[in-house]
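Here is a walk through a two-chain model, written for someone who likes cut-offs spelled out. Have the viewer open while you read.

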Amino acid sequence: MTEEARSDTPFGLIVPERMGSAVLGIAAELGGMGVLAAQLVRRMLPPKIDRYELTRNLYKMGNKSVGIVASTALFVGGIVVIQAAPLVVRFSATAIIGWAAGFAMLREVAPLLIALMFSGRVGANNTAELGTMVVTDQLDALRALAIDPLSYLILPRVIAMITMLFALNIVGDLTAIIGAIISANALLDVDFSLFMDSFLEMIDAWDFMQSVIKSIGFGLMISITSCYFGLTVKGGAPGVGRAVNSAVVAAAIGVFVMDYFSTYILK
Amino acid sequence: MTIQAQPLTQHHDLEDPVHEDDRPRTLVQTMTAPLSAFGQDMYGLWTLLRQTVQAILQGRVDRESTFAQLYSIGNGSVLFITVTMIVLGMILVVQAGMQTQRVLPELSLLGANIIQLLAREFAPTVCAMMLATRVGAGIAAEIGSMVVTDQVDALRMSGAQPVDYLVVPRLIAGVLMTLALSFWSLFIALMAGTFAANTQFDLNISTFVNFSFVNMGDYIVMTLKAIAYGAAIPIVSSQRGLTTFGGSEGVGWATTNAVVHSSIAIILLDLILSVFGYIAFPPV
């Protein structure tokens with residue numbers, strides 16, 4: 001919609017018009033992501049992946065994020081215990097703090113916060129990198145050399161992000177539990193064995209599996225949004241900045257919405 | 001024994017750029033390098049915060065750009081925060097309700113507990129995490145691209161302090177708007193939670209909306225958290241933007257670092273303020 005056309009719209013129609021164009025924009029983005037995902041699935045059958053790119057991205061996205069994810073998860077474990085403390089003190093049930101904290105961390109807080117950190121660090125950087133390649137015509141150069149950009153550039157990144165968020169989530173779960181044990185000991189005088197008793201008794205493998213399944217879903221969401229916004233950059237260097245911003249925002253909303261539905265599906 | 005260390009990320013101080021050189025280090029130096037980098041980082045952030053607060057106290061506030069920042073940080077984020085908070089409120093109620101049903105026969109206190117949890121923790125923190133991704137990235141990209149195109153040096157040459165023009169409006173807007181959006185988040189998450197409790201667990205609205213557990217301490221903790229996060233996001237992101245180097249690729253890195261480091265700052269402040277809240281206002 002050009003500026004002149006918008007100024008022609010009658011006053012009463014400005015709000016509906018903007019809402020309509022916003023809905024159309026969101027629909028176009030969702031459709032574009034769907035098409036991108038379908039194209040990637042097509043290239044998986046049979047798998048045509050550049051092995052060097054894959055290992056390079058696995059290292060860059062995974063190993064380099066371990067420190068950030070582990071420290072975030074350690075603090076998050078502590079915070080969960082502090083916030084659960086009023087509840088268990090109110091019902092005079094400090095013995096079940098291991099269950100309350102472990103449940104909240106494994107099912108919700110740890111996968112969600114680790115995914116948000118991963119999206120900020122890896123997703124945003126990936127969008128910026130792809131966007132810079134697009135505005136400097138490097139993707140067209142690849143096409144001119146008869147190299148398929150999707151299977152050479154995008155597929156290794158998507159696979160690396162999903163694999164590494166999955167792995168980092170397991171690391172994060174463990175450090176979050178360590179953080180929870182430390183702060184339960186310091187603040188509530190719940191010692192290690194009492195914490196582990198209620199944790200092991202009430203938390204089963206399914207709680208841990210939920211965390212893992214969620215992290216795979218979040219990884220898919222983050223990788224597709226960040227690659228899509230990177231590939232559709234327009235307008236030079238400022239366009240790359242805008243794309244990074246919208247990729248991070250879209251990934252955050254996507255992760256929250258996916259979390260909501262997975263809460264129902266994975267009861 | 002000497003080993004070759006990885007070159008550190010270069011940190012340019014605001015006044016005089018300090019460049020790390022790549023000379024071989026001893027093992028001790030290599031092991032303490034992350035610590036000293038962290039210390040330098042903290043010093044840079046502290047310097048920027050001090051300069052900004054000084055400028056505000058001396059009244060060097062540009063009113064027009066402050067209003068522009070208030071609009072872009074606050075009004076621009078309302079929709080994003082609202083969508084996230086609706087989802088968060090519903091997730092919280094469904095998860096907490098399902099677990100409570102395992103140990104307690106009835107859910108009449110679910111709402112009171114969730115409202116306290118929202119006020120103390122989720123409303124300010126998740127709101128600030130979302131603001132860090134949206135606003136932090138924007139601030140770092142804006143200031144960073146001004147730095148790499150030498151516009152900040154141009155400001156300095158014409159006798160204008162970059163901190164006054166760039167950081168002060170963002171700090172004021174960040175603090176005010178994080179505070180406002182935190183209370184908005186609490187309201188929205190509460191509405192969505194009430195809806196979920198009503199449809200999922202057949203809880204009455206009057207049973208669910210129960211403020212009896214929320215005391216003054218919770219509001220104080222929530223306000224303190226919102227102010228701390230609201231100051232941390234613009235200071236961390238502006239510092240990352242002002243220390244950008246290396247062209248448009250550097251702007252990309254500054255943006256990524258702004259988001260990641262503001263998020264870490266938020267989680268660290270959350271831990272500190274939660275411990276403070278637990279000790280200052282112990283649960284009754």
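Among contacts in chain A between residues at least 6 apart in sequence, what percentage join residues at least 24 apart? The figure is 87%, where two residues are in contact if their C-beta atoms, placed from the backbone, lie within 7 Å. In chain B, residues 24 or more positions apart account for 86% of the contacts with a separation of 6 or more.

Some housekeeping before going on. This is a predicted model, in which local features need pLDDT of at least 70 and side-chain atom pairs count only at pLDDT 80 or more, while totals for chains, interfaces and linings use all residues. Residues are numbered from 1 along each chain as its sequence is written, and chains are lettered from A and ligands numbered from 1 in the order in which they are written.

**Confidence**

The predictor gives the complex an ipTM of 0.81 and a pTM of 0.84. For chain B the mean pLDDT (the predictor's confidence in each residue, from 0 to 100) is 84, with 90% of its residues at 70 or more. The stretch to watch is residues 1–20 of chain B, where pLDDT is below 50. Beyond near neighbours in sequence, that stretch still has 32 contacts in the model. Where pLDDT is low, the predicted coordinates should not be read in detail.

**The two chains**

Chain A has ten helices and zero strands, so its pattern along the sequence is simply α-α-α-α-α-α-α-α-α-α. Helices (H or I, at least four residues) and strands (E, at least two) are DSSP runs here, numbered from the N terminus. Chain B comes to nine helices and two strands, and its pattern reads β-β-α-α-α-α-α-α-α-α-α.

As for extent, the C-alpha atoms of chain A fill a box of roughly 65 × 55 × 30 Å along the principal axes, and the C-alpha trace of chain B spans about 65 × 55 × 35 Å. A residue is buried if 20 or more other C-beta atoms lie within 10 Å of its own, exposed if 12 or fewer, and partly exposed in between, with C-beta atoms placed from the backbone. On that count, 46% of the 267 residues of chain A are buried, and buried residues make up 46% of the 284 residues in chain B.

**Helix pairs**

Axes are lines fitted to C-alpha atoms, for helices over the stretch in contact, and angles run from 0 to 180 degrees between N-to-C directions.

| Helix pair | Axes come within | Crossing angle |
|---|---|---|
| α6(B) and α8(B) | 8 Å | roughly 150° |
| α5(A) and α10(A) | 9 Å | roughly 150° |
| α5(A) and α9(B) | 9 Å | roughly 170° |

Take α5(A) and α10(A), whose axes cross at roughly 150°. That makes the two roughly antiparallel; angles under 35 degrees count as roughly parallel, over 145 as roughly antiparallel, 65 to 115 as roughly perpendicular and the rest as oblique. Their crossing is right-handed, a crossing being left-handed if the near helix is turned anticlockwise from the far one by less than a right angle, and right-handed if clockwise. The contact divides into 15 nonpolar, eight polar and one charged. Ala, Val, Leu, Ile, Met, Phe, Trp, Tyr, Cys and Pro count as nonpolar, Asp, Glu, Lys and Arg as charged, and the others, Gly among them, as polar.

Within chain B, α6(B) (residues 162–201) and α8(B) (residues 216–242) also pass in a right-handed crossing. Arg170(B) and Gly174(B) are among the α6(B) residues there, and Gly230(B) and Pro234(B) among those of α8(B). This contact has 14 nonpolar residues, six polar and one charged.

**Across the interface**
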